[in-house]
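Trainee: I have a new model open. Show me how to read a strand pairing first, then the ligand site.

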Amino acid sequence: MKILTAAQTRALDQATIQEQGITSAQLMERAASAFVEWLSHQFDSNEAGEILLLCGPGNNGGDGLAAARLLHQAGYAVRVALLPAEKQSADWQHNRQQLPAAVPVAEMEAEKLPEIASGTLVVDALFGTGLSRPLEGLAAAVVRHLNKAQARVVAIDLPSGLFAEAPQPADSAVVRAQHTVSFGLPKLAFLLPQNADFVGAWHVEDIGLSKRFINETATPWHYTDAAAVAGALPPRPKFSHKGTFGHALLLAGSRGKMGAAVLAAGACLRGGVGLLTAHVPGCGYDIFQISQPEAMCLPDPQVAYLSKLPKLDAYQAVGIGPGLGQAEATYTVLRKLLKNAAKSTEKRPTPLPLVIDADALNLLGSHRALLKLLPENTILTPHPKEFERLTEPARDDYHRLELLRDFATAHRCLVVLKGAYTCLATPTGELHFNSTGNAGMATGGSGDVLTGVLLALRAHAQLPAFEAVRLSVYAHGRAGDLAAVHTGQAGLVAGDIVRHIGPALAEVQAQI
Ligand SMILES: NC(=O)C1=CN([C@@H]2O[C@H](COP(=O)(O)OP(=O)(O)OC[C@H]3O[C@@H](n4cnc5c(N)ncnc54)[C@H](O)[C@@H]3O)[C@@H](O)[C@H]2O)[C@H](O)CC1
Ligand SMILES: [K+]
């Protein structure tokens, strides 16, 4: 699913109006109906009590006025508070006229802000995508007044005061909503941790916006939902054998961190790899062989950490990092791996696919000269702290996205920035936000599991690099969601994610 800017969203509205031969008021009616439909599923008229709709002067306020009428007609008790302005939009005026006289309407004033008792259901329709500057004066006072009341707040389209795709000055007045109900496509602002307290849970309602316009509009931002990965994993042919799905090599583990190697290996096996060999330090040999009988194991001559790079000829993908430690000898292994993977051979004309995680990323961060050696389409899977070690501290979440995009394009690699809505940056500068996963996955070993899935799908001959990464990230999150059904979020451990990778991939395969 694409994510568009506020300006593109306005153009999308216009394209929809022209293409479908409807008026802008009719499009607003669709938006308001979709909103009211959502609200009435969430709260019946008893639960809702008297609903307060705060309406601004533009089309967001127009949505609010139309919603007030529809809610009143559906039997809800409503009252409207208007934000005074020099002029109102045409569709606002239309919906103001349509509002039944039985609905109480008041104009807000600085000295007379609406009373908002604790628990009141408030619909925030002050500003949406038309916001041109941070709120000030009366509008800011209303927002701060609302945020102080212990109200249940549902925002229409965007929490008022929040820009759809730009950072907010630190002390701006922005509505803190429990829910945000938007139309057609999600907004970039919804996906960033710094906005979580403003946006609350977000929902996107279909209002029949022009599919043609969306298809034709270019954007760097995408949202990976089930439809985006449907059919991405080819079915396993009847006459396949273990060679069909690739032989992967995992370089992982050090004394005290063998669990990371075991988890990554388990995930790689559940990810459908044909064969897996793990190269582990001497101390991890027994641990690994006993915990992963399906994998082969090469012990390193060093007991506590990795010091040697095995020959790479037999492998279709290599993963390095989980539990690795940062010994000097291990740094040498990483450097050699990058150099050898980049060399083309007769059997392999393109670089050997690599997945770089955890301590291998930290080694890259502390030896940045290595970044120049990254073969094209290498996958890096940093969390924000690891990413900072590769680049620089980000001013905010928006700046971090810029750094991410610049890094992926400069080094021609695929960077998976882990977090809620894990963001995959491609060498061409696209950003793909993942939709699956839950807070239970914020637990030790979860990243090692992702590395294992990535390794399996990168070794798969039929999956291009981008598809393999997008699908891995999606399936890893989905496996966490399936696991949490049984364990709850608090009880979720990384091994539970491993056990649900198979079902998550099967689900993707079943969707066409
Ligand atoms: N497809 C859709 O998404 C649809 C969206 N709809 C709704 O329309 C709004 C966008 O409406 P627009 O009129 O463009 O903007 P706003 O209502 O957000 O506000 C514009 C209004 O406010 C003034 N203004 C801007 N910034 C400030 C400020 N800081 N202080 C004071 N005043 C400000 C500006 O000058 C305008 O007068 C979208 O979010 C949806 O809710 C449609 O209903 C159709 C479908
Ligand atoms: K709003």
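**Reading the sheet and the ligand site**

Mentor: Start with one pair. L380 stands opposite V415 in β15. Bear in mind that this is a predicted model.

Trainee: Which strand is joined to β15 by 2 bridges, and in which direction do they run?

Mentor: Two strands count as paired once there are at least two bridges between them. Here strand β14, residues 379–380, is joined to strand β15, residues 414–417, by 2 bridges. The two run parallel.

Trainee: What is the order of the strands in the open sheet?

Mentor: Read it strand by strand: β8-β17-β16-β15-β14-β13-β12-β9-β10-β11. That makes 10 strands, with mixed pairing.

Trainee: Why is one side of β8 and of β11 left without a neighbour in the sheet?

Mentor: β8 (221–224) and β11 (296–299) stand at the edges, and each has a single partner strand, so one side of each stays without a neighbour in the sheet.

Trainee: Now the ligand. Which residues are closest to ligand 1?

Mentor: List the shell, then look at its closest members. Ligand 1 is surrounded by 20 residues, the closest being D13, D63, G128, R133 and D157. By type, the shell holds 8 nonpolar, 8 polar and 4 charged residues.

Trainee: Which polar atoms lie 2.9 Å from an oxygen atom of ligand 1?

Mentor: A backbone N or O atom of T129 lies at 2.9 Å from a ligand 1 oxygen. A polar backbone atom of G130 is also 2.9 Å from an oxygen atom of ligand 1. For D13, a polar side-chain atom lies 2.4 Å from a nitrogen atom of ligand 1.

Trainee: How much of ligand 1 does the protein cover?

Mentor: Compare with the ligand on its own: of its 880 Å² of accessible area, the protein covers 83%. The space ligand 1 takes is the largest pocket.

Trainee: Which elements give two or more residues to the shell?

Mentor: They are α1 (6–20), α2 (24–42) and α4 (59–73). The largest share, 3 residues, comes from α4.

Definitions and conventions:
Residues numbered from 1 in each chain as written. Chains lettered and ligands numbered in written order. Predicted model: local features only at pLDDT ≥ 70, side-chain atom pairs only at ≥ 80, totals over all residues. Heavy atoms only, no water. Near = heavy atom within 4 Å. Polar contact = N/O pair within 3.5 Å; in protein donor to acceptor, adjacent residues only side chain to side chain. Areas by Shrake-Rupley, 256 points an atom, 1.4 Å probe, with all protein chains shown as cover. 1 Å grid on protein atoms, 1.4 Å probe; cavity = no way out; pocket = protein on both sides within 12 Å on 5 of 7 lines; lining within 4 Å. Sits in = over half its atoms within 2 Å of the grid points. Helix = DSSP H or I, 4+ residues; strand = E, 2+ residues; numbered from the N terminus. Nonpolar A, V, L, I, M, F, W, Y, C, P; charged D, E, K, R; others polar.
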